[in-house]
Amino acid sequence: MLVYTTVKTVLIDEYRKQYKGKESDGFLQPLEEMSDDLWKSFINKIDWKFEQEDEEELEQTLIVEIRKQSFYKVDLFGKESYVIAALLDEFEKRQNIKDHFGRLISDSQVKLKLLEVGNNQYKMSDPVYEQWEKLEPPRDKRNLDEKIEAVTKTYSKRKLGMFARKIGAVKLELAKIDSKDKGAYQYRIYDACEERLLEILDSYDGSEVEPRVVDGWIDDLVQFAETHLAEKSKDFTYPFKNKDTLRNTILELFDSCYLSFDG
């Protein structure tokens, strides 16, 4: 009985941590209300693996198996960690595919990853997505329109409408990519914009400005964030390269309350 209670406590605690700060708490309440008999049934269905290879041993086994393949013709010595990272990235991205066979990685896909690593073309996913998930929910609940109107009363309503359409479009773009890639992309842009906004607003006295000044601020943020992403792209890979998606993501960060023009 103690084992079931311990497993239940650990799983619920981890589940609660993963949903902390998110709009939904998932299925936390049903988990908390599950009976002991149901927990026992669930735990008994798990195929426990004890006295198996640990993580490091499994990595070495995987490398040995890969080297046995007929297509292993690239120089990968010293790059084993990149091979593992590349395969894990690909595997994780496939876990949301409904078709179980679609989640598997074929020989041709393994070969492609080996070639990328061997030819120094592979870049890891940016692990900073974890920082995005840990960000405190913003307290400023104003949308983009309200934030622009807080610093200029004469901004074009037509342009605000265009911004709304662009924000809607970029939300669809972001929703289609892996959650980790999305989080890393958003965090890097947010981090760059927050840094640049502190510099821009340092000389802002809080008085009303002309609409062109706001446009200039947005252009400045886009340029700064683009340079920041380009630098990070030397080591990591990001889902979008074009400036249009970058600009629209910045607008969305204002609209979703993470950034503002008036501090």
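This briefing covers a helix pair, a pocket and an aromatic pair. The model is predicted: local features need pLDDT of at least 70, side-chain atom pairs count only at pLDDT 80 or more, and totals for chains, interfaces and linings use all residues. Residues are numbered from 1 along each chain as its sequence is written, and side-chain values use heavy atoms, leaving out hydrogens and water.

**Helix packing**
- Helix α11 (residues 211-232) packs against helix α12 (residues 243-255) at about 115°, with axes 10 Å apart.
- Helices are DSSP runs (H or I, at least four residues), numbered from the N terminus.
- Axes are lines fitted to C-alpha atoms over the stretch in contact, and angles run from 0 to 180 degrees between N-to-C directions.
- Among the α11 residues that meet α12 are Ile-218, Leu-221 and Val-222; the α12 side includes Leu-246, Ile-250 and Phe-254.
- Contact means heavy atoms within 4.5 Å.

**Largest pocket**
- The largest pocket is lined by 29 residues, and Gly-21, Lys-22, Trp-132, Glu-133 and Tyr-258 lie nearest its centre.
- A pocket is an open set of points on a 1 Å grid over the protein atoms alone, where a 1.4 Å probe fits, with protein on both sides within 12 Å along at least five of seven lines; lining residues have an atom within 4 Å of a point.
- Elements giving two or more residues to this lining are α1 (2-18), α7 (129-134), α9 (157-175) and α10 (179-201).

**Aromatic pairs**
- The count is 10 aromatic pairs.
- Rings of Phe, Tyr and Trp (its six-membered ring) pair if their centres lie within 6.5 Å; planes under 30 degrees apart are stacked, over 60 edge-to-face, the rest tilted.
- Trp-132 and Tyr-258 form a tilted pair, 4.9 Å centre to centre with 35° between the planes.
- Trp-132 lies in helix α7 and Tyr-258 in the segment after α12, so the pair ties together parts 126 residues apart in sequence.
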